[in-house]
Amino acid sequence: MVDSILRNVMDGGRVSAAEALELYQHAPTHELGRVADAIRLRKHPNGVVTYIIDRNVNYTNICVARCNFCAFYRQVGSSEGYVLGFEEIFHKIDETIAVGGNQLLLQGGHNPDLPIQWYEDLFRAVKARYPEFKLHALSPPEVLHIAKLNQVPVPAVIQRLVAAGLDSIPGGGAEILVDRVRKLLNCYSKASSDEWIDVMREAHRAGLRTTATMMYGTVETHEERIEHMMRLRDLQDETGGFTAFITWSYQPEHTEHGGFEETGIDYLRTLALSRIVLDNFDNLQASWVTQGGKVGQLSLAYGANDMGSVMIEENVVRAAGASYCMDELEIVVNIEDAGFIPRRRNMHYELLGEPIFRERDVPRMLALATARADGDTSVPEELKNYAARSRQGKQLRLGQ
Ligand code: SF4
């Protein structure tokens with residue numbers, strides 16, 4: 001059974017959910033890797049492995065969603081809550097540009113005190129100062145949160161944010177696109193599976209490209225991981241709007257859900273299976289941020305063709321225990337040591353060139369930055385321009 005399914009895949013055939021499950025549960029790991037690697041080679045015959053230099057900025061950690069797998073959020077009114085000021089964000093962009101970066105991955109909690117105008121003003125301000133700089137921002141649950149908070153329909157939210165400078169949407173908040181799982185993780189109310197898919201469909205219709213993600217290893221079954229992949233494959237058939245797929249394992253430290261992290265082998269099997277199932281996705285990222293550099297490097301033999309982001313800053317999975325950091329030099333060494341050619345790219349996977357440190361001097365980044373210095377919860381000046389929705393937010397702004 002496994003052999004005939006793998007032969008069919010090698011001949012360019014598409015797997016059904018039942019066939020994917022058979023492979024996931026019974027195919028030897030090296031066989032899954034061999035086939036995933038063959039598909040990667042078919043799609044990327046030039047031997048290039050890409051990466052992007054960007055910065056993952058979390059504009060606020062205040063969140064009303066309270067997913068039980070999340071160690072990052074703080075409740076409204078928490079003494080550890082923060083919202084970044086525009087100047088702080090500009091400073092982070094300056095630092096990103098200094099090391100050759102071209103984009104912010106901008107995501108945050110569902111903060112009831114940030115109206116849509118705050119996002120529009122921020123995007124406009126960024127584009128006015130840095131016209132070429134890209135904003136890969138606001139995962140589908142954040143778009144939904146903004147839509148609900150401001151009582152504006154999702155397509156109109158997307159239209160307004162694009163007009164203000166939004167370039168593309170990251171695929172965060174997908175977790176597992178099965179409502180049984182979402183309810184158990186307390187993330188159903190932030191976005192049901194259908195809602196997540198619908199936001200992505202609207203974004204693709206509006207001409208935006210987006211990524212897709214999967215966080216596995218909490219409460220889901222193997223069947224549900226595959227159902228998640230099938231939903232992404234279906235939407236990709238419909239719109240062709242996804243540029244890449246990124247999967248990572250749940251990071252349990254400091255979370256309400258607790259539990260254990262899945263193994264490296266489980267990661268490699270999941271990655272290889274996603275390369276086989278997602279036959280209409282061109283790019284698969286290696287999640288070295290959660291798996292570490294060594295498994296990240298091995299991912300290149302299990303279907304991945306991209307090393308993701310040179311992380312200058314990461315707050316979300318770091319809060320849950322993952323603290324791996326690689327700067328551009330280390331990423332390039334890992335890629336070359338695995339026998340590939342490293343190239344910088346943008347969010348659309350267009351090649352931008354050789355490693356930047358071979359073109360000019362850039363400072364090395366051997367530690368990850370954080371959103372804010374510990375203990376700094378000052379409220380930025382410009383928040384005074386926007387009406388707060390929460391009681392705590394109103395009190396805070398009155399007290400300023
Ligand atoms: S995962 Fe995102 S939406 Fe869920 S609690 Fe954390 S910050 Fe909020």
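Visitor: Where is Tyr349 found?
Guide: Tyr349 is found in the loop between strand S9 (341–345) and strand S10 (351–353). Please note that this is a predicted model.

Visitor: What is phi of Tyr349 near?
Guide: Phi of Tyr349 is near 65 degrees, which is a positive value in a residue other than glycine.

Visitor: And is Tyr349 buried or exposed?
Guide: Tyr349 is buried, because its relative accessible area is 13% and the cut-off for buried is under 20%.

Visitor: What about Leu138, where does that one lie?
Guide: Leu138 lies in the loop between S3 and helix H6 (140–150). Its phi is near 70 degrees, a positive value in a residue other than glycine. Leu138 has 1% relative accessibility and therefore counts as buried.

Visitor: Let's move to the strands. How many residues of S2 are buried?
Guide: Strand S2 covers residues 103–107, and five of its five residues are buried. The strand is thus described as mostly covered.

Visitor: Which residues are on each side of S2?
Guide: Gln103, Leu105 and Gln107 are on one side, and Leu104 and Leu106 are on the other. Both faces are covered, with all of these residues buried.

Visitor: In what sense do S1 and S2 pair, and over how many bridges?
Guide: Strand S1 (residues 48–58) pairs with S2 in the parallel sense, over five bridges. Within this pairing, Asn56 has Leu105 of S2 as its bridge partner.

Visitor: Through which helix does the chain cross from S1 to S2?
Guide: The chain crosses through helix H4 (residues 86–98), and this β-α-β crossover is right-handed.

Visitor: How many bridges are there between S2 and S3?
Guide: There are four bridges between S2 and strand S3 (residues 134–137), which pair in the parallel sense. Leu104 has Leu135 of S3 as its bridge partner. A right-handed β-α-β unit is made by S2, helix H5 (residues 116–129) and S3.

Visitor: Changing topic: which residues are around the ligand?
Guide: The residues around the ligand are Cys63, Ala65, Arg66, Cys67, Phe69, Cys70, Tyr73, Gly109, His110 and Lys190.

Visitor: How many of that shell are nonpolar, polar and charged?
Guide: The shell around the ligand divides into six nonpolar, two polar and two charged residues.

Visitor: Now Arg225. Which helix is it in?
Guide: Arg225 is in helix H10 (residues 222–239).

Visitor: Is Arg225 buried or exposed?
Guide: Arg225 is buried, because its relative accessible area is 2%.

Visitor: With which side chains does the Arg225 side chain make a polar contact?
Guide: The side chain of Arg225 makes a polar contact with the side chain of Tyr24 at 2.7 Å, and another with the side chain of Glu220 at 2.8 Å.

Visitor: What else does Arg225 touch?
Guide: Not counting residues up to four places away in sequence, the residues that Arg225 touches include Ile176, Met214, Tyr216, Gly217, Glu262, Asp266 and Thr270.

Visitor: And His222, where is its place?
Guide: His222 is also in helix H10. At 27% relative accessibility, His222 counts as partly exposed.

Visitor: Which residues is His222 in contact with?
Guide: Leaving aside neighbours within four places in sequence, His222 is in contact with Leu21, Tyr24 and Gln25. The side chains of His222 and Gln25 make a polar contact at 3.4 Å.

Visitor: What separation is there between the C-alpha atoms of His222 and Met1?
Guide: They are separated by 18 Å, and the two residues are 221 residues apart along the chain.

Terms used
Residues are numbered from 1 along each chain as its sequence is written. This is a predicted model: local features need pLDDT of at least 70, side-chain atom pairs count only at pLDDT 80 or more; totals for chains, interfaces and linings use all residues. Side-chain values use heavy atoms; hydrogens and water are left out. A residue is near a molecule or strand if one of its heavy atoms lies within 4 Å of it. Ala, Val, Leu, Ile, Met, Phe, Trp, Tyr, Cys and Pro count as nonpolar, Asp, Glu, Lys and Arg as charged, and the others, Gly among them, as polar. Buried means under 20% relative accessible area, exposed over 50%, partly exposed in between (1.4 Å probe, protein chains only). Helices (H or I, at least four residues) and strands (E, at least two) are DSSP runs, numbered from the N terminus. Two strands pair if DSSP finds at least two bridges between them. A crossover is right-handed if, with the strands pointing away from the viewer, the path from the first strand over the helix to the second runs clockwise. A polar contact is a pair of N or O atoms within 3.5 Å; within protein, one must be able to donate a hydrogen and the other to accept it, and residues adjacent in sequence count only if both atoms are side-chain atoms. Contact means heavy atoms within 4.5 Å.
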